[in-house]
Amino acid sequence: MSDTSGLITPALVDLHLAPQDKSEALRALAQRLVAEGRVTDLDGFLADVAAREAQAPTGMGDGIGIPHCRSPHVTRPSVAFGRSARGVDFDAPDGRPADLIFMIAAPAGADDAHLRILAALAGRLMDPAFTGALRDAESPGAVAALVNGEEPPAAAAPEPAAVAESPAPATAAPETADADAGLRLVAVTSCPTGIAHTYMAAKALELAAARAGVRIQVETQGSAGTTPLAPEVIAAADAVIFAHDVEVRDRARFAGKPTVDVGVKAAVNRADDLIAQAAGLVTETGSGARAAAAPLAAPNAPSAPSGTTGEHWAQRLRKYLMTGVSYMIPFVAAGGLLIALAFAIGGYRIASAPSVLGHFDWTSSHSWAAMLFQTGKTSFGFLVPVLSGYIAWAIADRAALAAGIAGGAVSVAVGAGFLGGIVSGLAAGFLVLWMIRWNVPRAIRGIMPVVVIPLLSVAAVGFLMFVVVGSPIASAMSGLTDWLNGLSGSNAILLGVLLGAMMAFDMGGPLNKVAYTFAAGALTAAGTTPDAGSLKVMAAVMAAGMTPPLGMALATVVRRRLFTPEERENGKAAWVLGASFITEGAIPFAAADPLRVIPANMVGSMTAGGLVMAFGSTLRAPHGGIWVLPLIGSPFLYLVAVVAGTVVTTGVVVVLKGMRRPAVPAAPDAVRSGAEQELVGA
């Protein structure tokens with residue numbers, strides 16, 4: 001019996017799926033999962049599916065759509081299948097509507113065995129015999145048997161069937177008669193969810209290599225576990241293909257190899273081109289050569305999803321910066337909250353308290369406040385080195401960590417702050433990326449990542465920050481701090497409005513993170529002045545980040561009929577998310593209706609940010625929402641600003657949504673289905 005046995009039942013198959021749009025198709029398939037007990041909460045599960053759809057399209061081309069997610073509402077790994085005569089638009093790269101739709105549902109806590117089942121199915125979707133048999137199937141039972149591996153496709157070749165039976169996390173290449181004498185490639189595939197694209201890309205590369213008579217081994221860094229390629233396999237490879245939307249783990253293993261570096265979908269859709277590209281690189285450098293080549297993307301490849309690996313340099317730069325910010329934020333949150341609590345307990349003079357080493361009194365609130373302040377200040381001390389280190393890590397993997405962290409520490413020492421940390425991180429990352437591509441003798445290749453690269457890169461970045469750019473950046477940071485502390489009147493309000501727009505535009509994306517990082521970086525230089533301008537900036541950013549989910553939540557209450565059942569359910573969670581300063585709580589609404597929701601969010605956040613600056617509210621804590629209200633200066637006026645921004649967001653989104661015409665005539669809710677209650681944009 002196949003490893004995919006039990007993945008699907010005939011009741012989970014709809015051979016006559018006829019939805020009006022993608023949303024209706026997803027709901028119809030999800031309802032089958034609920035009816036079979038595979039999903040416990042329809043609306044909650046659909047919200048998780050929508051969140052995954054918002055990350056990147058799940059149309060794979062060739063008429064295949066694979067909406068999928070991990071969800072706590074899934075009881076066991078399952079697949080619901082729909083076949084649509086006219087097709088459903090899943091934004092496939094070839095523009096073809098999907099006539100075969102696989103809704104893949106994985107439990108949030110699925111173990112490796114369960115995830116390997118889904119990986120097996122993902123690989124089989126690249127087999128034309130398998131998809132052809134599904135298009136020809138005449139009954140739900142036949143489809144279930146095919147997907148479960150109980151009935152092989154009529155025209156299935158032995159090699160694809162074998163992969164379906166043994167979905168190992170790291171897949172071996174198809175062998176050819178002259179494989180040992182021909183081109184040898186290795187590849188790594190990965191995607192954010194790690195359920196579908198990772199394994200489809202691996203299978204596509206294997207099939208393309210077989211067609212080209214090339215030997216390839218693929219390491220799948222997915223949710224089903226990773227079996228790293230053996231060092232001897234990497235050493236023997238002529239070139240490497242990275243098809244990834246998240247960073248390749250242990251990238252330094254492939255130092256010195258000609259490299260093709262693309263997003264994961266490029267491997268799914270144009271694997272033959274990537275194999276040919278890799279072969280071309282080997283020809284350019286000489287067969288079996290170990291000289292490095294710059295990462296090369298497939299020509300005319302479609303851009304990768306926002307925030308993932310793509311061909312354009314700007315996309316890569318944004319990903320590097322966001323990686324550093326994501327690792328920095330926990331230090332900001334921990335340090336900032338500890339400092340804020342210290343000030344709440346001991347007042348602003350606690351900053352000048354002596355060290356608690358040897359001066360700690362268990363019964364004194366002053367000692368506890370001093371301990372909190374000094375611990376928080378120590379945490380803040382890691383902020384810039386961590387930012388710099390993980391920017392470098394995102395560029396060149398762990399070989400760049402030492403130079404990045406050291407460069408960030410030097411940035412702190414010379415007063416260059418977080419701007420210096422960004423510069424040192426980028427410099428360290430690109431320097432190490434260049435160094436790991438050196439064509440060095442085999443005898444010293446083993447010590448390159450642990451001795452030679454750290455030694456040279458730390459020295460070079462230290463020289464750069466101490467001697468070349470550290471002082472100018474420090475002067476810029478000092479000027480920025482003085483400017484923030486001197487803001488007043490209309491200038492402060494305009495800054496609050498601008499930061500509010502940035503916080504709401506992409507709700508946790510690059511612009512949002514730029515605004516937050518600006519505020520958090522300024523917060524570290526705020527000193528002990530209670531009304532410092534940088535504290536006002538932090539307050540404005542948090543207020544602006546709270547209003548989008550709060551506004552959407554309020555809108556689902558005041559005008560329920562403008563929202564789908566899933567959105568109304570998401571609105572309940574958005575109250576808590578917004579109150580806790582988690583702007584991402586508005587993403588499901590924006591994904592469903594971006595042209596109306598995003599402008600409404602921006603107007604509301606601009607209102608909140610501008611009012612906070614006008615009121616002069618301050619905030620030393622970098623996170624927390626209403627839960628840090630006692631630590632906010634002028635808390636009542638701060639709440640007025642948040643409420644005003646929330647009401648404006650609600651008003652604008654209600655007006656914009658109310659301008660659309662409903663898809664069906666009005667009818668009592670009691671006799672209308674969930675799909676009929678959805679409103680289609682004008």
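## The chain as a whole

The protein chain has an accessible surface of about 26,800 Å² (Shrake-Rupley method, 1.4 Å probe), and carbon and sulfur atoms account for 63% of that surface. This is a predicted model, where local features need pLDDT of at least 70 and side-chain atom pairs count only at pLDDT 80 or more, while totals for chains, interfaces and linings use all residues. Residues are numbered from 1 along each chain as its sequence is written, and side-chain values use heavy atoms, with hydrogens and water left out.

Of the 682 residues in the protein chain, 54% are buried (under 20% relative accessible area, 1.4 Å probe, protein chains only). You will find 25 helices and 13 strands, taken as DSSP runs (H or I, at least four residues, for helices; E, at least two, for strands) numbered from the N terminus.

## A look at helix 1

Helix 1 covers residues 22-35, 14 residues in total. From first C-alpha to last it reaches 20 Å, close to the 20 Å expected at 1.5 Å a residue (1.5 Å times one less than the number of residues). Its buried residues are Ala25, Leu26, Arg27, Leu29, Ala30 and Leu33.

Asp21 caps the N-terminal end of helix 1, with a side-chain oxygen 3.3 Å from the backbone nitrogen of Ser23. Just after the helix, Gly37 has a positive phi of about 75°.

## Around Ile447

Ile447 sits in the loop between helix 16 (442-445) and helix 17 (448-485). Ile447 is partly exposed, at 41% relative accessible area (the class between 20% and 50%).

Note on methods:
Polar contact = N/O pair within 3.5 Å; in protein donor to acceptor, adjacent residues only side chain to side chain.
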